[in-house]
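Thanks for coming. I will go through one protein chain today, a few places at a time, and you can follow along on the screen.

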Amino acid sequence: MPPAPAFADVTASDSTLRRFLHGLPGVDTVGLEARAASLGTRSIKTTAKAYAIDLAISMIDLTTLEGADTPGKVRALAAKAVNPDPTDRTTPRTAAVCVYPDMVATAKAGVAGTEVKVASVATAFPAGRAALDVKLADTRDAVAAGADEIDMVIDRGAFLAGHYLKVYEEIRAVKEACGEQARLKVIFETGELSTYDNIRRASWLGMIAGADFIKTSTGKVGVNATPANTLLMLEAVRDFRAQTGVQVGVKPAGGIRTTKDAIKFLVLVNETAGEDWLDNHWFRFGASSLLNDLLMQRQKLATGRYSGPDYVTVD
């Protein structure tokens, strides 16, 4: 699978790729965090809030990634994705259900006949510590079971050691294993990359390699999605499209639990990448508990009161 023509020279060797990535502008940490904090203070009026809540619901990858996942739990999650609020059929469906590869077929059956996608983490999630042939087998199994999207983790050890070409080639190989059936989300585990400069480099590396989405985190480490690291990735996809004409999506994951949090991220999208990304084809939330809070706030806007504790299901 040849590299994108615009970057064929960049990806010719480890040294040319390193030169390109380290030649990206350095990140102004103070400026980045100040802008993220400033955008997070924007007030949202009632009509706009109702729109934002529905938009956020439609952008959720409703996720269960636990060792104790059972077919019954995945079926229940799929049913919730298809019909988040049985008392209000105007509630949007979520974008996808995200599960381990062995649960893809169960999830696929649960969302059959709807536009809800099935996403599968693969490539030895969450550590990514496996041989490439194992990662590719993991991916092919998930796609064969019906996955519409693959969420792969990069080899952070290779990236941090400066072996950028190895990371690039792994992403390319997984992209090829996805075929025409599945879109590829590339997870950086930003909490382990240590610096904003590394997050910017990883963003460009993932996009050059053919990622359909770049994703902050697995949700399995201490630091996951933050407004600042998501803002940085939004700047990267904006600049990448300006340079290449190719649009790439963004998925913050882990730690986004409240409606207030979700709206802050939507403001970041609108003010940084623009309206073209305010759609679940280009922006997702990786979340499990976020949906419940969005449903509670949606019901509060509609009726003026909160329902009891049994209004939403405990996942």
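In which helix is Ala-79 found? Ala-79 belongs to helix α4, residues 71-82. Before I go further, please keep in mind that this is a predicted model.

Is Ala-79 buried or partly exposed? Its relative accessible area is 42%, so Ala-79 is partly exposed. Between Ala-79 and Gly-254 there are 22 Å in space, C-alpha to C-alpha, and the two are 175 residues apart in sequence.

Next, a pair of helices. Two packed helices are described by the angle between their axes and the distance between the axes. Here the pair is α3, residues 46-58, and α12, residues 259-272. Their axes are 10 Å apart, and the angle is about 90 degrees. The helices α3 and α12 are therefore roughly perpendicular to each other. Which residues make the contact? On the α3 side they are Lys-49, Ala-52, Ile-53, Leu-55 and Ala-56, and on the α12 side Thr-259, Ala-262, Ile-263 and Leu-266. By type, that contact has seven nonpolar residues, one polar and one charged.

Let me stay with α3. The helix has 13 residues, and from its first C-alpha to its last it reaches 19 Å, close to the 18 Å expected at 1.5 Å a residue. The buried residues in α3 are Ala-52, Ile-53, Leu-55, Ala-56, Ile-57 and Ser-58. What covers them? The cover includes α12, along with β1 (60-63), β8 (285-287) and α13 (290-303). As background, an α-helix has 3.6 residues a turn, so residues three or four places apart point the same way.

How many residues are in the largest nonpolar core? That core has 95 residues. Those with the most contacts inside it are Val-97, Ile-150, Trp-204, Ile-214, Leu-266, Phe-283 and Phe-285. Helix α8, residues 164-178, gives the largest share of this core, nine residues. Apart from it lies another core, of seven residues, including Leu-65, Ala-119, Phe-125 and Ile-187.

We can look at one member of the 95-residue core in detail, Trp-204. If we leave aside neighbours within four places in sequence, Trp-204 is in contact with Phe-7, Phe-20, Leu-21, Leu-24, Ala-236, Asp-239, Phe-240 and Gln-243.

Then the backbone. Most residues other than glycine have a negative phi, and most peptide bonds are trans.

Pro-126 sits in the loop between β3 (117-122) and α6 (132-144). Thr-123 is also found in the loop between β3 and α6. Thr-123 is not a glycine, and its phi is positive, near 60 degrees. Is Thr-123 buried or exposed? Its relative accessibility is 0%, so Thr-123 counts as buried.

Glu-189 is not a glycine either, and its phi is positive, about 55 degrees. With 1% relative accessibility, Glu-189 counts as buried.

Glu-189 also turns up among the contacts of Ser-217. Where is Ser-217? Look in the loop between β6 (213-215) and α11 (227-244). Ser-217 counts as buried because its relative accessibility is 0%. Outside the four places on either side in sequence, Ser-217 is in contact with Ile-187, Glu-189, Thr-190, Asn-224, Ala-225 and Ala-253.

Leu-136 has a relative accessible area of 11%, and the cut-off for buried is under 20%, so Leu-136 is buried. Its contacts, neighbours within four places in sequence aside, are Ala-173, Val-174 and Ala-177. The C-alpha atoms of Leu-136 and Leu-291 are separated by 32 Å.

Last, Thr-313, in the segment after α13. Which residues does Thr-313 touch, not counting residues up to four places away in sequence? Those are Lys-80 and Asn-292. Thr-313 counts as partly exposed because its relative accessibility is 46%. Gly-210 is 37 Å from Thr-313 in space, C-alpha to C-alpha.

That is where I will stop.

Note on methods
Residues are numbered from 1 along each chain as its sequence is written. This is a predicted model: local features need pLDDT of at least 70, side-chain atom pairs count only at pLDDT 80 or more; totals for chains, interfaces and linings use all residues. Side-chain values use heavy atoms; hydrogens and water are left out. Axes are lines fitted to C-alpha atoms, for helices over the stretch in contact, and angles run from 0 to 180 degrees between N-to-C directions. Helices (H or I, at least four residues) and strands (E, at least two) are DSSP runs, numbered from the N terminus. Angles under 35 degrees count as roughly parallel, over 145 as roughly antiparallel, 65 to 115 as roughly perpendicular and the rest as oblique. Contact means heavy atoms within 4.5 Å. Ala, Val, Leu, Ile, Met, Phe, Trp, Tyr, Cys and Pro count as nonpolar, Asp, Glu, Lys and Arg as charged, and the others, Gly among them, as polar. The expected span of a helix is 1.5 Å times one less than its number of residues. Buried means under 20% relative accessible area, exposed over 50%, partly exposed in between (1.4 Å probe, protein chains only). A nonpolar core is a set of buried Ala, Val, Leu, Ile, Met, Phe, Trp, Tyr and Cys residues joined through side-chain atoms within 4.5 Å.
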